[in-house]
Amino acid sequence: MFQALGDQRERAVTLGDIARIKVDKGEVDEALKLHQEELTVYQALGDVVGNAHVLWSIAQIEMQKEDYPNAFPHLQESYAILLKLGRLDGIIYVGLDLGQLLCAGGAKEEGMAILSRSRDGFRKLGQEAQARQVQALLDSLSS
């Protein structure tokens, strides 16, 4: 049984690696298909961290395609999973995308709160340069 689970996890990781290569080559539709397959594997394994990561990857591709309506639910779900798990390392990065998307979509107050959480998370993790960048973004949104 553990062998089979390990094989499925390796399959998911490989699908994600191939999807990232496809994105780099501009083959985003193929990458999305691979990420969807990867997501199915993580869901079958009950790997919620894997789910959150793949959802964020899918959202990033959708944003690259400027398909923000499709990106939003993926970002929102990824962020909710990471918040529930208390995974600050994911919250800060997914929050950057989600916060900016919310601000651009007219939910400025909610977006700025998420961006503030990301800024504070970067500080907590000792990533002061990134915290300053997020603060500059927040300052520009406040103007």
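Q: What does a side-chain oxygen of Asp 47 reach at the start of helix 3?
A: The model is a predicted one. In it, a side-chain oxygen of Asp 47 comes to within 3.2 Å of the backbone nitrogen of Val 49, at the start of helix 3. Just after this helix, Glu 66 adopts a positive phi of about 60°.

Q: Which residues touch the most other members in the largest nonpolar core?
A: In soluble globular proteins, nonpolar side chains tend to be buried together. Here the largest nonpolar core has 30 residues, of which Ile 61, Leu 75, Tyr 79, Val 94 and Leu 98 touch the most other members. At least two residues of this core come from each of helix 1 (2-24), helix 2 (28-45), helix 3, helix 4 (68-85) and helix 5 (88-104). The most is given by helix 3, with 8 residues.

Q: Which residues is Ile 61 in contact with, leaving aside its neighbours within four places in sequence?
A: With those neighbours left aside, Ile 61 is in contact with Val 23, Val 28, Ala 31, Leu 32 and His 35. There is also a second, separate core of 9 residues, which includes Leu 96, Cys 103, Leu 115 and Val 134.

Q: Is Ala 19 buried or exposed, and which residues is it in contact with?
A: Ala 19 is found in helix 1 and counts as buried, at 0% relative accessibility. Leaving aside neighbours within four places in sequence, Ala 19 is in contact with Ala 31, Leu 34 and His 35. Separation in sequence and in space can also be read side by side: Ala 19 and Ile 114 are 95 residues apart in sequence and 28 Å apart in space, C-alpha to C-alpha.

Q: What does the side chain of Ser 78 reach?
A: Ser 78 belongs to helix 4 and is buried, with a relative accessible area of 0%. Its side chain reaches the backbone oxygen of Ala 52 at 2.8 Å. Not counting residues up to four places away in sequence, Ser 78 touches Ala 52, Leu 55, Trp 56 and Val 94.

Q: Where does Ser 118 lie, and is it buried or exposed?
A: Ser 118 lies in helix 6 and is buried, with a relative accessible area of 0%. Beyond its neighbours within four places in sequence, Ser 118 is in contact with Ile 91, Ile 92, Gly 95 and Leu 96.

Q: How many aromatic pairs are there?
A: A pair of aromatic rings is described by the distance of the centres and the angle of the planes. The count here comes to 2 aromatic pairs. Tyr 93 and Phe 122 form an edge-to-face pair, 5.2 Å centre to centre and with 85° between the planes. This pair links distant parts of the chain, with Tyr 93 in helix 5 and Phe 122 in helix 6 (residues 108-124), 29 residues apart. Tyr 93 is partly exposed, with a relative accessible area of 31%, whereas Phe 122 counts as buried at 1%. Ring pairs link Trp 56, Tyr 93 and Phe 122 into a cluster.

Q: How many helices and strands are there in the chain?
A: The chain has 7 helices and 0 strands. Its radius of gyration is 16 Å, close to the 15 Å that the globule rule gives for 143 residues, so the chain is as compact as a globular protein of that length. Along the principal axes, its C-alpha atoms fill a box of roughly 55 × 30 × 25 Å. Of the 143 residues, 40% count as buried.

Key: Residues numbered from 1 in each chain as written. Predicted model: local features only at pLDDT ≥ 70, side-chain atom pairs only at ≥ 80, totals over all residues. Heavy atoms only, no water. Polar contact = N/O pair within 3.5 Å; in protein donor to acceptor, adjacent residues only side chain to side chain. Helix = DSSP H or I, 4+ residues; strand = E, 2+ residues; numbered from the N terminus. Core = buried A, V, L, I, M, F, W, Y, C linked by side-chain atoms within 4.5 Å. Buried < 20%, exposed > 50% of the residue type's maximum accessible area, 1.4 Å probe, protein only. Contact = heavy atoms within 4.5 Å. Phe/Tyr/Trp six-rings, centres within 6.5 Å; stacked < 30°, edge-to-face > 60°. Rg over C-alpha atoms; globule rule 2.2 N^0.38 Å.
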